[in-house]
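Please open the model in your viewer and keep the selection tool handy.

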Amino acid sequence: MSINLINTLSQPLRAAAKFVNHNEQASGLSTSRFIQDTGTCLVPKATFARSKADLAENTFLELLESAVVYFLPAIIGENLSRKIFSKNLDINAKQLVAVSAEKLMSQKNALNKNVLPVKAAIALSALFMPLAVFTLNYFKNLMTLNVFKSGDFENIANLKNKREDKSLQNRVRKSAHKNILKAALTFITSLGLGILISKKGANSKMLQNVSEAILAPGSKFFGNNKKAKEFFNKYFSLDFASQDGKLVLSKGQLTSCVLIGGAGYFGASKDRGKQNFLETLFRYPVVGFYVITGSELFEKGFKKLLKKAGKCKETINKDLEVPGFDKLEKLAKDLADKNKTSVEAEFKKLAKQKVLISGVPFLFSIGVMGFFVAGISNLFTRYRYNKDKKLQTMTQEFLKQKNISPAFKQFI
């Protein structure tokens, strides 16, 4: 590694380079990514926390959602489901479990009819992750009810300090229990289907088709349309991705966490009142889109702008790929030989480019998607609340001035 060359850099470039290098080295390490991404999301929300209950809720959600994304894929996919469902496969077939379904479906391999049902069963077991995200918001509501004795979002968001409505609290609690049970039954059903497919799929044409639809919906339904095939395979496949032969979270599974988890966000917020629902409606689509594909689009667009401007030519190749810090040392040596300069000087130039390419999207993530969205979301919630209160006051004054009968007021 080029750690010695990193140490030749001056501050603050050295610190920035070490930070980017650490992130690259930790890309496959769940603990490091968990700490970094949780901090990135939680710090802005904690900064703008409106009450102790609001801070506790954000902490609860960010910690557990990050745990689902960074720890459960390895636990469920690699350590449990893969071992359980593939135990009856021969050694060659077991190795194919980590191969993408799209690739397997394009090959004429006799083993595939045994492998695809197993992969589908493993994928269905991974529905635990989006269903877990779905339930977190209901568990959050129960936590706030039990710890802070509050079910009214207007109190939690410190919009107004008013007496808690017991009927509202009961409605929030009942809805939470119902939806958590619904998620549990859905997972049991998906797990049962996975077991059926793994046992009978190899000899059933119908279950083979179901397996293909679960694993590669684009290839299954849009085989003649390249763009549609790639889109649906990328964002709607429940199959795991593969890294060094191990099963890891895929883009499709991340999409399912955002979409199914989003249903939990909206449902749980609706239970606690209009302002909670509107705040979720404002914030979640923006954050959800950014999580699924927005960050990827921003990074790609930023690299295109740099390339078009003639910047970072040594580090951005024609496919917009950027070498990691572990490859910059060799690149610096090659450039030094070519340009008759020192390795340190070339490495410094490459390090600046690398930090720029990686740093701007990272700062955007913290600044815009973190602090700005959290801050503006809270601001708009208070604005909407004050506007509603003002409208209610004006309506009441109008009714009073016009001396409208109580029997007619309910229709206004």
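Start with the lining of the largest cavity in this predicted model: by class, 8 of its residues are charged, 7 are polar and 5 are nonpolar. The lining has 20 residues in total. To centre your view, select Arg50, Asp54, Asn58, Glu279 and Arg283, which lie nearest the middle of this cavity. The space inside comes to about 260 Å³.

Now colour the helices around the largest cavity. Helices H4 (52-70), H9 (128-148), H15 (251-271), H16 (274-308) and H18 (343-402) each contribute at least two residues to its lining.

For the second largest cavity, select Val97, Lys119, Ile122, Ala123, Asp239, Phe240 and Leu247, the residues that line it. This cavity holds about 30 Å³ of space. Its lining has 5 nonpolar and 2 charged residues, with no polar ones. Show helix H8 (residues 112-125) as well: with 3 residues, helix H8 gives the most to this lining.

Next, pick out the cysteines. How many disulfides does a search of the whole structure find? The search finds 0. Take Cys41, which is in no disulfide: the nearest cysteine sulfur belongs to Cys257 and is 14 Å away.

Is Cys41 buried or partly exposed? Cys41 counts as partly exposed because its relative accessibility is 36%. Finish at Cys312, which counts as buried because its relative accessibility is 7%, under the 20% cut-off.

Methods: Residues are numbered from 1 along each chain as its sequence is written. This is a predicted model: local features need pLDDT of at least 70, side-chain atom pairs count only at pLDDT 80 or more; totals for chains, interfaces and linings use all residues. Side-chain values use heavy atoms; hydrogens and water are left out. A disulfide is a pair of cysteine sulfur atoms within 2.5 Å. Buried means under 20% relative accessible area, exposed over 50%, partly exposed in between (1.4 Å probe, protein chains only). On a 1 Å grid over the protein atoms alone, a cavity is a set of points where a 1.4 Å probe fits but cannot get out, and a pocket is an open set with protein on both sides within 12 Å along at least five of seven lines; lining residues have an atom within 4 Å of a point. Grid points are joined across faces, edges and corners, and a volume is the space filled by probe spheres set on the points. Helices (H or I, at least four residues) and strands (E, at least two) are DSSP runs, numbered from the N terminus. Ala, Val, Leu, Ile, Met, Phe, Trp, Tyr, Cys and Pro count as nonpolar, Asp, Glu, Lys and Arg as charged, and the others, Gly among them, as polar.
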